[in-house]
Amino acid sequence: MNTSTLPRLPKPLTVGGATVAVRLPFGPNSVAHRPTWTRVNPESKYDLSATLAAACSPDDGECSALTAAWADHQGAQACTEDACFPDAEPR
């Protein structure tokens, strides 16, 4: 698949300063996901620490937060899973 056919992040995300979740290492053809925060210790009402994960697979490891505009500019493709960006369009 070449770069011209990869799904692009929805335009409203890239102009509004939205955050996306990307697994490292980040580079061209990385996948940008809708972010979700999961609590590290959900049983504790005092420990509010959380990790950023992909909405489509929150158990697959921690992600890094990037702005959608930066991720799109650097060539990240949109995850097209239902929990992320099913309305993503080809570039």
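Predicted model: local features only at pLDDT ≥ 70, side-chain atom pairs only at ≥ 80, totals over all residues.
P25 is found in the loop between β2 (19-22) and β3, where strands (E, at least two residues) and helices (H or I, at least four) are DSSP runs numbered from the N terminus. Residues are numbered from 1 along each chain as its sequence is written, and side-chain values use heavy atoms, with hydrogens and water left out.

**The sheet**

- Four strands make an open sheet with mixed pairing, in the order β6-β2-β3-β7; two strands pair if DSSP finds at least two bridges between them.
- At the edges sit β6 and β7 (77-78), each pairing on one side only.
- β2 and β6 run antiparallel and are joined by four bridges; here T19 stands opposite T67 in β6.
- β2 also runs antiparallel to β3, with two bridges between them, and V22 faces A32 in β3 across that pair.
- Strand β3 (residues 31-33) and β7 run parallel, joined by two bridges, and V31 stands opposite Q77 in β7.

**The core**

- How many residues does the largest nonpolar core have? There are 13, and those with the most contacts inside this core include L9, V20, A32 and F85.
- A nonpolar core, by the way, is a set of buried Ala, Val, Leu, Ile, Met, Phe, Trp, Tyr and Cys residues joined through side-chain atoms within 4.5 Å.
- β2 and α2 (68-73) are the elements that give two or more residues to this core.
- A32 touches quite a list of residues, among them L9, V20, A78, C79 and F85, if you skip residues up to four places away in sequence; contact means heavy atoms within 4.5 Å.

**The cysteines**

- You'll find zero disulfides here, a disulfide being a pair of cysteine sulfur atoms within 2.5 Å.
- C79 counts as buried because its relative accessibility is 7%; buried means under 20% relative accessible area, exposed over 50%, and partly exposed in between (1.4 Å probe, protein chains only).
- C84 is buried too, at 1% relative accessibility.

**The loop between β5 and β6**

- S57 lies in the loop between β5 (50-54) and β6 (64-67). Is S57 buried or exposed? With 15% relative accessibility, S57 counts as buried.
- The side chains of S57 and R23 are joined by a polar contact of 3.3 Å. A polar contact is a pair of N or O atoms within 3.5 Å; within protein, one must be able to donate a hydrogen and the other to accept it, and residues adjacent in sequence count only if both atoms are side-chain atoms.
- P58 is found in the loop between β5 and β6 as well, but P58 counts as partly exposed because its relative accessibility is 34%.
- Which residues does P58 contact, leaving aside neighbours within four places in sequence? They are T36, T38 and A53.
- The C-alpha atoms of P58 and V40 are separated by 12 Å, with the two residues 18 apart along the chain.
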